[in-house]
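I opened the notebook to look up a few spots in this structure. The entries follow in the order I checked them.

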Amino acid sequence: MATLFVVGLLELGVWQPLEQLTYNWLFRFRGPLVWDRRVVIVAIDEPSLRQLGRFPLSRKYYTSLIKQLTQAEASVVVLDVVFSEPTPEDRSLAAAIAQHGRVLLAQAWIGQSQFLPPTPTLQKAAIAIGHVFNRPDTDGVTRQVEPDLQGNLGLGIAASQVYSLVQEPVSMPRLDRPLWINWVGPAQQVPSTHLLMC
């Protein structure tokens, strides 16, 4: 009877808030980890949007950014922006992507079974494409990611594979089940850099 009762509560999701609180508490108790110096995040923040304008930003800014990262010899560049609508600036952006040679692009997941990929011009120039499907828990925190959706790797997994090709091998987890996220720490503590995109 007790087993049936507990299983019934599991099916109803009664334990989920407790699991979420435990997950959050464990990360707070552990404290932040040291950020991997091989990873640099260039975010489009509110000051950038005030300077450059609202979304969608002109692709000339991304072209400029990739050119700067090419000069800085960045081993892999991942653009977590979905470029699904063609623009006249696609050709110059594709040329910058091809010149770098190791740029990954994002594709969105729409509806129940369809991907929204980058434009064909940009897709052809990129070394790989990865999905950015995100399913947060009921409290708004994302704790797991799908490494593979219908044969399409997640953007982070694809980036790790490309990095393994050009730098040092990255050990990969099993990709046949959702991956738990090991949050490094609060986003406010991530080292940041400012690049002039003009």
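Which residues make the nonpolar surface patch of about 380 Å²? I found Trp25, Leu26 and Phe29 there. I kept in mind that the model is predicted.

Entry on Phe29. I looked up where Phe29 sits and found it in helix H2, residues 16-30. I then checked its cover: Phe29 has a relative accessible area of 63%, and because exposed means over 50%, Phe29 counts as exposed.

Entry on Trp35. I placed Trp35 in the loop between H2 and helix H3 (46-52). Its relative accessible area is 22%, so I noted Trp35 as partly exposed. I also looked up a C-alpha separation: Trp35 and Gln189 are 154 residues apart along the chain, and their C-alpha atoms are separated by 9.0 Å.

Entry on helix H5. I listed the buried residues of H5 (residues 90-100) as Asp90, Leu93, Ala94, Ala96, Ile97 and His100. They cover an arc of only 160 degrees around the axis, so they lie on the same side of H5. On the face of H5 turned away from its buried side I found the exposed residues Arg91 and Gln99.

What covers the buried residues of H5? I noted that the cover includes helix H4 (59-71), strand S1 (77-79), strand S2 (103-110) and helix H6 (120-125).

Last entry. Just after H5, I read a positive phi of about 90 degrees at Gly101.

How values were computed
Residues numbered from 1 in each chain as written. Predicted model: local features only at pLDDT ≥ 70, side-chain atom pairs only at ≥ 80, totals over all residues. Heavy atoms only, no water. Patch = residues over 30% accessible without salt bridge, like charges linked within 9 Å, V, L, I, M, F, W, Y side chains within 5 Å. Areas by Shrake-Rupley, 256 points an atom, 1.4 Å probe, with all protein chains shown as cover. Salt bridge = Lys/Arg side-chain N within 4 Å of Asp/Glu carboxyl O. Helix = DSSP H or I, 4+ residues; strand = E, 2+ residues; numbered from the N terminus. Buried < 20%, exposed > 50% of the residue type's maximum accessible area, 1.4 Å probe, protein only. Arc of directions from axis to C-beta. Contact = heavy atoms within 4.5 Å.
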